[in-house]
Amino acid sequence: MAKSTRPMIRIHNQETDEVIDREMNDAEFAQYQADQEAQSISKAEAIAKETAKAAILDRIGLTADELKTILG
Amino acid sequence: MATTTNYSWTTPDDTGLVKDGASAIRTLGTAIDTTTKNLNPSTTLGDIEYRSSSANTNTRLGIGTTGQVLTVSGGVPAWTTASSGGMTLLSTTTLSGSSTSITSISGSYTNLLILINDAYASGSSITVNTRFNTDTGNNYSSGGYFLEDNTNYPFNDNPTNQITVMQTTSSTTALNKSSVAINVYNYTSTGNKFVNATSTTKLAAGSRQTILSAGHYGGASAISSIQFTLASGTWSGGTVLVYGVK
């Protein structure tokens, strides 16, 4: 049996109760990759934001917990 | 001949002859018997009667079956099967692969309640997103909070082509697994469908995480399929229960 190269998906038809397990087709795989790319961009943005925040805290000599206490 | 006030049974006149008494009594008895039977047509245990369109004539209604309730149909009483309010379990699906879809969802309900129970995946902190009708357009608007170790991480309108409902754990410990309850209101509407979700999971790092999210799905069609996709990795276990709610 050939090794699966694409992610598998499960489709459960509620009307017939039929369950199909298959590899993603071209369109599904393209969307899956696009979603992954979008998520990695938003993750990178979040990390950049956290890094900038940490740099500011470092500059003013406060920890994140101390800032939380001040902002209470 | 004289008659009675209510049922018009024929009775002998005051001046009637005694010799005609036997016949008069038989006539009266027959009339009483006929009227009584018309008023009480029961034949079987559990029968009830109601007034028909004819005066002094009732209609027999046989007993219904177990669980039926008395209702009105066409202006007269009738036994009917009680409509099942509350929730009806429509399907049970084991999570598998990178994405699990439930399709051909019945449109006979008002709302949907979707429960994912005891889910875990090949990795921890993997985002789980939901799409309806395999719609990948920017037809979603949602926001919410990740609550993790007493810290809130808000997210707003991101992404717009799906709705984030939970993150996974990779833990197989029962109490650590991920669960989410998703309500989809007026899912057969052609307008906005309101969606809210509450999830809980214990991430591999040991953090207890809750995601509260809410939003709209603006696709123009009634929802007939729901897809749960992992941002990466594969489902290792868990069950999707779809309930129709009247």
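Why is it called that?

Me: Why is Arg22(A) called partly exposed?
Reply: Its relative accessible area is 27%. Buried needs under 20% and exposed needs over 50%, so Arg22(A) at 27% falls in between and counts as partly exposed. Keep in mind that this is a predicted model.

Me: What makes Arg22(A) and Glu28(A) a salt bridge?
Reply: The N to O distance between their side chains is 2.8 Å. The cut-off is within 4 Å, for a side-chain nitrogen of Lys or Arg and a carboxyl oxygen of Asp or Glu, so this Arg and Glu pair qualifies. The background idea is that side chains of opposite charge can pair when their charged atoms come close.

Me: Why does the pair Arg131(B) and Asp35(A) join two chains?
Reply: Because Arg131(B) lies in strand 10 of chain B, while Asp35(A) is in helix 1 of chain A. Their closest N and O atoms are 2.8 Å apart, and the limit is 4 Å, so the pair is a salt bridge. The count between chain A and chain B is one salt bridge.

Me: Are Arg131(B) and Asp35(A) buried or exposed?
Reply: Buried. Arg131(B) has a relative accessible area of 4% and Asp35(A) has 14% relative accessibility. The line is drawn at under 20%, so Arg131(B) passes, and so does Asp35(A).

Me: How many salt bridges does the structure hold over all chains?
Reply: Six. One of them links Arg6(A) to Asp26(A), with the closest N and O atoms 2.9 Å apart.

Me: Why does the pair Arg6(A) and Asp26(A) tie together parts that are apart in sequence?
Reply: Arg6(A) lies in the segment before strand 1 (8–13) of chain A and Asp26(A) lies in helix 1 (residues 26–60) of chain A, so the pair ties together parts that are 20 residues apart in sequence. How open are these two? Arg6(A) is partly exposed at 26%. Asp26(A) has 57%, and exposed starts over 50%, so Asp26(A) counts as exposed.

Me: How do you know that chain A is in contact with chain B?
Reply: Contact means heavy atoms within 4.5 Å. By that test 18 residues of chain A are in contact with 30 residues of chain B. The area buried between the chains is about 1700 Å², and carbon and sulfur atoms give 42% of that. On the chain A side, Arg10(A), His12(A) and Gln14(A) supply 42% of the area that chain A buries against chain B, more than any other three residues.

Me: What makes strand 1 of chain A and strand 8 of chain B a pair?
Reply: They share five bridges, and at least two are needed, so they pair, in the parallel sense. For example, Ile9(A) has Ser99(B) in strand 8 of chain B as its bridge partner.

Me: What is the order of the open sheet of six strands?
Reply: The order is 2(A)-1(A)-8(B)-17(B)-10(B)-13(B), with mixed pairing. Strand 2 (19–23) of chain A and strand 13 of chain B each have a single partner strand, so they stand at the edges, with one side left without a neighbour in the sheet. From one strand to the next, the twist averages 20°.

Me: Why is strand 13 of chain B called mostly covered?
Reply: Because five of its five residues are buried. Strand 13 also runs antiparallel to strand 10 (residues 127–132) of chain B, with four bridges joining them, and Val128(B) stands opposite Met166(B) there.

Me: What makes helix 2 of chain A hardly covered?
Reply: The count of buried residues among its eight residues is zero. Helix 2 of chain A is followed by Gly72(A), whose phi is positive, near 30°.

Me: Which are the edge strands, pairing on one side only, in chain B?
Reply: This one concerns an open antiparallel sheet of eight strands, in the order 7-18-9-14-15-16-11-12. Its edge strands are strand 7 (87–94) and strand 12 (151–156). Strand 7 is joined to strand 18 by seven bridges, with Ser91(B) and Val242(B) as one of the partner pairs.

Notes: Residues are numbered from 1 along each chain as its sequence is written. Chains are lettered from A and ligands numbered from 1 in the order in which they are written. This is a predicted model: local features need pLDDT of at least 70, side-chain atom pairs count only at pLDDT 80 or more; totals for chains, interfaces and linings use all residues. Side-chain values use heavy atoms; hydrogens and water are left out. Buried means under 20% relative accessible area, exposed over 50%, partly exposed in between (1.4 Å probe, protein chains only). Buried area is the accessible area (1.4 Å probe) that two parts lose on being put together, summed over both. Axes are lines fitted to C-alpha atoms, for helices over the stretch in contact, and angles run from 0 to 180 degrees between N-to-C directions.
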